[in-house]
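Here's a quick tour of the model you have open.

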Amino acid sequence: MSVVEVGTFNVRAGYIGDATCTWCVPALRAAAAPEEVNLISLLYTASKNLDTAPLLSSAFANDEAGRDEGTSLSQSGETVPHALLPLWSLHQLQRYPNTHIDSLRRLKRDVLENAEQDPLCLVLPEVWHERTDVLEALFQLILETPGLTTALYCMRPSVGWAFASGSASSIVLDVGHSHTTVTAVLDGYALRHSVDTIPVGGDAVTAQYSELLSEHRPVVEAAAPALSHSVAREIYWCDWVADVKHCLAHVLPYVGGVGDVASVRGKGPASIAVKGTVVRAATDLQAPDGTRVQLDERKAALPFEVYFGTTGDGKRNVATLMAMCKRQMDPEWQLHTVPHLLAGGGSLVLGFRDRMLEELKALDSSYFRCEREGGLNVAQTADGAWVGASMAASSSSFEPLWVTRGEWAEEGASVLYRKLFY
């Protein structure tokens, strides 16, 4: 029995009941070697074929929310012209369903060594669950594919995050790769009217770090001469930048007043970066040629301001997203301290929780009580959604929720309205 969490950056896989995922592989597929799950092996294999199999620039567009090109996930007539294909965005799934199903089958059968009779629990992006037509097509495709699984369930990541934190009710802010999503979870059920998202994630931060570290790019690319194609070199470079980002990542304190000193009692919702600059020597970070990688503290923190700037038509950021979600809750529930959970890799950045708390207090005075009672917490790992799904699926009370191949053949999509949609 296996649990697979899909995303546009990584795919996590493991066994139901485990406390941590066994595999974390990139959301990429090399046409020449579909069995490869290691990033470097994928790039080396794909680089040999990219010159003869051109890759469209649109293939690597991050559109987790999805451009609607119809919801058909038919297996007939699909051709994959790309030597290297990004997986698990809604747009890519609609365009290349066969490739995604083959990748899922290889992961379950060859990597996890599960049989067809073993149930499969999929953790899908939150916005997919708001599209009943997409889930109906996905269930049909998976359950009618021979050799994949005979029982399936799709879980919301927000519910998984809440379970992994030890709470059945929480307001979950999931800071992901391409999007940040907020969802209120009550007694293990996501409140559908509370789901909201903004197109800001870790890839936006990585893009800014790429500009800051551009002087090291020739040396980094020269360290992998076998990656002859520009697409493979770009992915390799972004992976190196992401490693540096993880070492230097931190968020500037909130400043609500005027002056050079950070104020934790600022009354206005607008925030500005700290003006003082502290040199942060990264003596342990080196480029492949031995050159020291250095960024002062302010430069290393500025890319993370993208989370707290205004985004989109609604002029929202991650703090307003969470505050607006809380205001939509039942007034009686708001009388109590509603647990808040910061989840996803972006929330693990040093100083992110403190900055979020000060931003929230500036927006809503009830967050002073939340601070006093310890109501704002951070998930300690990046795989919490997978862990929560693993815990839930291992419970005996979860057994009736599985959608079996027999039930699908007998009831069709109506079984989802009985077991999944609410």
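## A serine and its polar contacts

A polar contact here is a pair of N or O atoms within 3.5 Å; within protein, one must be able to donate a hydrogen and the other to accept it, and residues adjacent in sequence count only if both atoms are side-chain atoms. By that rule, a polar atom of the serine 347 side chain sits 2.7 Å from the backbone oxygen of glycine 344, and the backbone oxygen of leucine 342 lies 3.4 Å from a polar atom of that side chain.

Before going on, some bookkeeping: this is a predicted model, where local features need pLDDT of at least 70, side-chain atom pairs count only at pLDDT 80 or more, and totals for chains, interfaces and linings use all residues. Residues are numbered from 1 along each chain as its sequence is written, and side-chain values use heavy atoms, with hydrogens and water left out.

Serine 347 is found in the loop between strand 12 (340-343) and helix 12 (352-363); helices (H or I, at least four residues) and strands (E, at least two) are DSSP runs, numbered from the N terminus. Serine 347 is buried, at 2% relative accessible area. Buried means under 20%, exposed over 50%, and partly exposed in between (1.4 Å probe, protein chains only). Leaving out residues up to four places away in sequence, serine 347 touches Val175, Leu342, Phe352 and Val378, where contact means heavy atoms within 4.5 Å.

## Helix 10

Eight of the 10 residues in helix 10 (318-327) are buried, among them Leu321, Met322 and Lys326. Asparagine 317 caps the N-terminal end, with a side-chain oxygen 3.0 Å from the backbone nitrogen of alanine 319.

## The cores

A nonpolar core is a set of buried Ala, Val, Leu, Ile, Met, Phe, Trp, Tyr and Cys residues joined through side-chain atoms within 4.5 Å. The largest one has 63 residues, and Val4, Leu122 and Phe139 have the most contacts inside it. Helix 4 (residues 132-143) supplies the largest share of this core, seven residues. Domain 1 (2-32 + 83-165 + 384-420) and domain 2 (180-200 + 311-378) both contribute, so this core lies between them; the bounds come from an automatic or database domain assignment.

A second, separate core of 58 residues includes Leu39, Leu42, Val182 and Val293.

## Cysteines

Cysteine 24 is partly exposed at 42%, whereas cysteine 154 is buried at 1%.
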